[in-house]
Amino acid sequence: MDMVQTEKLVFEYEKRDEEGNVIGTSRAVDEVDLDVKEGQFIAILGHNGSGKSTLAKHINAILVPTEGTMWVNGRNTSEPEELWNVRQSAGMVFQNPDNQIIGTVVEEDVGFGPENLGVPTDEIWQRVEESLKAVGMIEYRHHSPNKLSGGQKQRVAIAGVVAMEPKCIVLDEPTAMLDPVGRKEVLKTVQKLREQKAVTVILITHYMEEVVDADKIYVMDHGHVVMEGTPREIFSRVEELKSYRLDVPQVTLLADELRKRGLKIPSGILRKEELVEELCRLS
Ligand SMILES: Nc1ncnc2c1ncn2[C@@H]1O[C@H](COP(=O)(O)OP(=O)(O)OP(=O)(O)O)[C@@H](O)[C@H]1O
Ligand SMILES: [Mg+2]
């Protein structure tokens, strides 16, 4: 089944002068077609300002399309009466964990989401416990979120979304403000959620190494989807990626250099182990 689907989605921000009058529009997302199936792990890449966050905000109807259509779990997000269903189907995790944590105690924070959905109290506590276990933060349930590390805060934010039991989680650069340890914590958490709860995950990131396991990658540039394919397909097109000012995983670049110098190595190498295997095969 389709979890997230768009057809020629366009979004234009209004430009205003100092008095607040609309003086024009700027197109941030331009005729984008997405097709995300239930349970998939999808990555969205793109340079700064390419429209990734604007697109992501459509998935739980923070924004609605200027033109075209977005369906989430079969619901048209432009229809006001679907708002509740859409918000229940898709949860968002943003870049800055500090802006997402509102409770003064971890477990209270995680409970806010389900409480807002009108979940009965007994079930809220059950969900809070389960979600905190799923992100490996149960032993911090009585702590103050302020004292946690960035990675831990982000895991609490993820638990808050998980507690709402969405079918789809959208993470908009969840690791951008974290140190390498925090980044690993968050990614492991997301991976575990996918395995245990079969949730659909849409990950926006600037870190190429985070997307090698994706089922599909979309690359955005100037509001358009300019590339679409499996990680292997996408990372085989090194020059094209560079033209969109994107990095390529280090190991992919190294393999590419070796190939240019005449070694018989296939394109689209994504992991160190694969390169080692190919090199051993040559000798
Ligand atoms: N609230 C806003 N009002 C007007 N223009 C905006 C607004 N938010 C974003 N934009 C513009 O829309 C375009 C797309 O921005 P968006 O934030 O979606 O990009 P992004 O790919 O998420 O970038 P980044 O990698 O920096 O997060 C940019 O040109 C940006 O300046
Ligand atoms: Mg963004």
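Predicted model: local features only at pLDDT ≥ 70, side-chain atom pairs only at ≥ 80, totals over all residues.

Me: Which two quantities describe packed helices?

Reply: The angle between the axes and the distance between them. Here helix H9 (residues 250-260) and helix H10 (residues 272-282) have axes that come within 9 Å and cross at roughly 25 degrees. That makes H9 roughly parallel to H10 (angles under 35 degrees count as roughly parallel, over 145 as roughly antiparallel, 65 to 115 as roughly perpendicular and the rest as oblique). The H9 and H10 crossing is left-handed.

Me: Which residues of H9 and H10 meet?

Reply: Contact means heavy atoms within 4.5 Å. Val 251, Leu 254, Ala 255 and Leu 258 in H9 meet Lys 272, Leu 275 and Leu 279 in H10. By class, six residues of this H9 and H10 contact are nonpolar, none polar and one charged.

Me: How are H3 and H4 oriented to each other?

Reply: The axes of helix H3 (residues 106-116) and helix H4 (residues 121-134) come within 9 Å and cross at roughly 120 degrees. H3 and H4 are therefore oblique to each other, and their crossing is right-handed. Among the contact residues are Val 110 and Pro 114 of H3 and Trp 125 and Val 128 of H4. The H3 contact with H4 has seven nonpolar, two polar and three charged residues.

Key
Residues numbered from 1 in each chain as written. Chains lettered and ligands numbered in written order. Heavy atoms only, no water. Axes fitted to C-alpha atoms, helices over the stretch in contact; angles between N-to-C directions. Helix = DSSP H or I, 4+ residues; strand = E, 2+ residues; numbered from the N terminus. Left-handed = near helix turned anticlockwise from the far one by under 90°. Nonpolar A, V, L, I, M, F, W, Y, C, P; charged D, E, K, R; others polar.
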